[in-house]
Amino acid sequence: MTQAIARLEGRDGVSRDSDGVPSSDGVGRSKDASAKPFNAFTIDVEEHFQVSAFEATVPRSDWEELASRVENNVSRLLDLLARHETKATFFTLGWVAERHPDMIRRIVNEGHELASHGYSHVRVNTQSAEAFREDVRKTKAILEDISGVRVLGYRAASFSIGPSTPWALPILREEGHRYSSSTVPIAHDLYGDPSGHRFAYKPFADDDFLEVPVTTLRLFGRNLPCGGGGFFRLLPYTYFRWGYGKTGRESGQPCIFYLHPWEVDPEQPRIADAAMKSRIRHYTNLGRTFNRLESLLRDFHWTSMARAFL
Ligand SMILES: [Zn+2]
């Protein structure tokens with residue numbers, strides 16, 4: 001692993017920042033007054049059957065038998081980002097990276113940030129501190145070995161870091177991560193802590209480590225979802241355009257958007273036994289995501305988490 005990290009001068013000869021992002025790709029870190037501010041575009045790289053909503057229906061022991069669609073979907077997203085000259089952060093499962101090393105190398109070679117989404121999508125609030133540390137360490141090593149770049153970011157499966165896991169952020173820091181984007185301050189049946197921070201903050205007084213919550217819209221005294229995922233398909237695009245504009249103006253902070261590769265894949269096989277609520281969330285408007293992403297990439301400036309925050 002150490003050997004791999006030392007190869008920050010990538011195989012393609014492009015000089016990279018410490019986060020593995022090429023330093024002369026034209027995106028830059030400029031935030032001068034004439035430029036639109038940058039927001040952070042993030043993708044949680046997992047298969048269509050690895051989401052938390054299907055945990056009870058598709059056991060991990062079945063994963064190996066199911067047809068993979070992630071590489072093809074990531075490829076479409078990489079092409080889309082290239083057309084819009086936009087860099088993003090790919091929070092990737094270790095399980096997926098092991099099976100698709102060429103996809104990992106393409107993500108890095110095209111100037112995007114590679115980050116960790118844990119090994120096999122186990123929610124942090126269902127793990128012991130020891131099991132979490134093991135998972136974080138193992139995934140970081142897998143991603144760094146394959147890519148040859150340092151992995152600085154982490155996103156918990158289903159934003160599952162919160163008040164019940166006070167040990168999680170200290171462990172991420174100790175294992176060499178520099179930021180996490182694992183919380184969202186809304187009330188949701190699978191995740192969220194409505195009393196949590198809305199914007200990036202430093203959890204440790206003696207360290208620059210950041211926790212960067214996914215974006216919410218503050219309206220009528222409540223935090224409403226405005227981070228992407230299923231809501232990006234279920235709600236009209238104009239809600240997001242208005243929400244990001246308002247939140248960015250009022251806070252002066254980058255907004256954080258996220259989606260999954262399977263959300264641009266209307267042809268994915270349906271998981272028949274899943275609960276009706278999960279099926280509605282997972283399958284509604286899949287055919288519309290791609291065009292909405294085109295609008296989102298046109299209407300705002302986006303970059304990786306590392307470039308927006310570190
Ligand atoms: Zn996920």
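This is a predicted model: local features need pLDDT of at least 70, side-chain atom pairs count only at pLDDT 80 or more; totals for chains, interfaces and linings use all residues.
Local features are reported where pLDDT is at least 70 and side-chain atom pairs count only at pLDDT 80 or more, whereas totals for chains, interfaces and linings use all residues. Residues are numbered from 1 along each chain as its sequence is written.

The chain has 11 helices and 10 strands, where helices (H or I, at least four residues) and strands (E, at least two) are DSSP runs numbered from the N terminus. Of its 310 residues, 45% count as buried; a residue is called buried if 20 or more other C-beta atoms, placed from the backbone, lie within 10 Å of its own, exposed if 12 or fewer do, and partly exposed in between. Two residues are taken to be in contact if their C-beta atoms, placed from the backbone, lie within 7 Å, and among contacts with a separation of 6 or more, 78% join residues 24 or more positions apart.

In soluble globular proteins, nonpolar side chains tend to be buried together. When neighbours within four places in sequence are left aside, Ile-104 is in contact with Thr-92, Ala-97, Leu-114, Leu-143, Ile-146 and Ser-147.

Helix α2 covers residues 70–83 and contains Leu-78. The end C-alpha atoms of α2 are 20 Å apart, which agrees with the 20 Å that its 14 residues should span at 1.5 Å a residue, the expected span being 1.5 Å times one less than the number of residues. The buried residues of α2 are Val-70, Asn-73, Val-74, Leu-77 and Leu-81. Seen down the helix axis, these buried residues fall within an arc of 100 degrees, so they line one face of α2; the arc is that of the directions from the helix axis to the C-beta atoms. What covers them includes β1 (38–45), α3 (94–99) and α4 (101–109), while the face turned away from the buried side carries the exposed residues Asp-79 and Arg-83. Leu-78 itself counts as partly exposed, because it has 18 C-beta neighbours inside 10 Å, and, not counting residues up to four places away in sequence, Leu-78 touches Arg-106, Ile-107 and Glu-110. Just after α2, Glu-85 takes a positive phi of about 50 degrees.

The axes of α4 and helix α5 (residues 129–147) come within 9 Å and cross at roughly 75 degrees, with axes being lines fitted to C-alpha atoms, for helices over the stretch in contact, and angles running from 0 to 180 degrees between N-to-C directions. The two helices, α4 and α5, are therefore roughly perpendicular to each other, a term used for angles of 65 to 115 degrees. Their contact is made by Pro-101, Ile-104, Arg-105 and Val-108 of α4 and by Leu-143, Ile-146 and Ser-147 of α5.

Asn-285, in the loop between α9 (276–283) and α10 (289–299), has a positive phi of about 60 degrees although it is not a glycine; with 14 C-beta neighbours inside 10 Å, Asn-285 counts as partly exposed.

How values were computed:
Angles under 35 degrees count as roughly parallel, over 145 as roughly antiparallel, 65 to 115 as roughly perpendicular and the rest as oblique.
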